[in-house]
Amino acid sequence: MKRSAPQQAPEIQVETQGQMPPGAAEYAQEKVRALTGRTREPVLHARVRLTRMANPAMQRPAIAQANLDVNGRPARAHVAATTVTEAVDLLQDRLAGRLGRLEQHWEARRGRTPAPGPHGWRHGDEPAHRPGYFPRPEEERQVVRHKSFSLARETPDEAALELEAMDYDFHLFTDIGTGEDSVLYRSGPTGYRLAQVHPHPHVDGPVAVPLTVSDLPAPRMNVAEARQRLELGGFPFVFFADDATGRGNVLYHRYDGHYGLISPVE
């Protein structure tokens, strides 16, 4: 039987910000490299960012982020911990989950039924390690990041795979079955919730992931109104229909205490 050539070790870039313990960058490289040697698809590049926040009010001031290029498909993870070393260890575990779900995606595209592994569809312990928001005073907060792009046309299952592989809190997409701008997010320890600009009570076609569908239409408003709703409701994000275009938008809290806005390209 012909053996495939061993994968070439990818370049792993590590950026640091804030006070770091000795050898933190090398430790992060070692942990990420250990994962890249076990993937079926080659990891072409990896970038890690370690941040130690100086604010003493933050319970988990050490933040670790990673972005991997897995044979052209991105995988991402983002965690927080009390120390940088703990954050790197959690990052390795979380990346293992992201890579496991990419394997499931590739198996499904090849027409196979992926066997559930140790990182399959299990979310109960994930929110505990999400980075907290910087406690920036409300009057100082601004919309500092506005991302506009063509929304992917996907099924809810594909949106769930994208959400998990990229470690998103939510995923904005166009539901391929209904044509509606939609947002998918985690609901409870094991499921997902789907909200749409104009809700459809039933999802078109079978769905593999545990899914509930909101029967409430997205509120129609402008960004200033969405910002007010975000603050008053204490939500991590607000899904709304832009009052000028009618398209689905998401305004969300960034980890630096400011806001980010995602809107579709017209």
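Modeller: Start with Asn 71, in the loop between E3 and E4. The model is predicted, so local features need pLDDT of at least 70 and side-chain atom pairs 80 or more, while totals for chains, interfaces and linings use all residues. Residues are numbered from 1 along each chain as its sequence is written, and side-chain values use heavy atoms, without hydrogens or water.

Colleague: Why is Asn 71 called partly exposed?

Modeller: Its relative accessible area is 41%. Buried means under 20%, exposed over 50%, and partly exposed in between, with a 1.4 Å probe and protein chains only. Asn 71 therefore falls in the middle class.

Colleague: And how do you know which class Leu 251 belongs to?

Modeller: Leu 251, in strand E13, has a relative accessible area of 0%, so it is buried. Beyond its neighbours within four places in sequence, its contacts (heavy atoms within 4.5 Å) include Val 143, Leu 230, Phe 240 and Leu 261. Its C-alpha atom is 8.8 Å from that of Pro 236, 15 residues apart along the chain.

Colleague: What share of the chain counts as buried?

Modeller: 42% of the 266 residues.

Colleague: What makes a set of residues a nonpolar core?

Modeller: Buried Ala, Val, Leu, Ile, Met, Phe, Trp, Tyr and Cys residues, joined through side-chain atoms within 4.5 Å. The largest such core has 28 residues; Val 48, Leu 50, Leu 68, Val 70, Leu 91, Leu 95 and Leu 99 touch the most other members. Helix H2 (84–109) gives the largest share, nine residues. Apart from this core lies another, of 13 residues, including Leu 151, Val 250 and Tyr 252.

Colleague: Why do you speak of a pocket and not a cavity?

Modeller: Because a cavity is a set of 1 Å grid points where a 1.4 Å probe fits but cannot get out, whereas a pocket is an open set with protein on both sides within 12 Å along at least five of seven lines. The largest pocket has a volume of about 1,100 Å³, counted as the space filled by probe spheres set on the points. Of its 35 lining residues (an atom within 4 Å of a point), the closest to the centre are Arg 76, His 78, Arg 145, Tyr 252 and Tyr 255. Strands E3 (62–70), E4 (73–81) and E13 (248–253) are among those that each supply at least two lining residues.

Key: Helix = DSSP H or I, 4+ residues; strand = E, 2+ residues; numbered from the N terminus.
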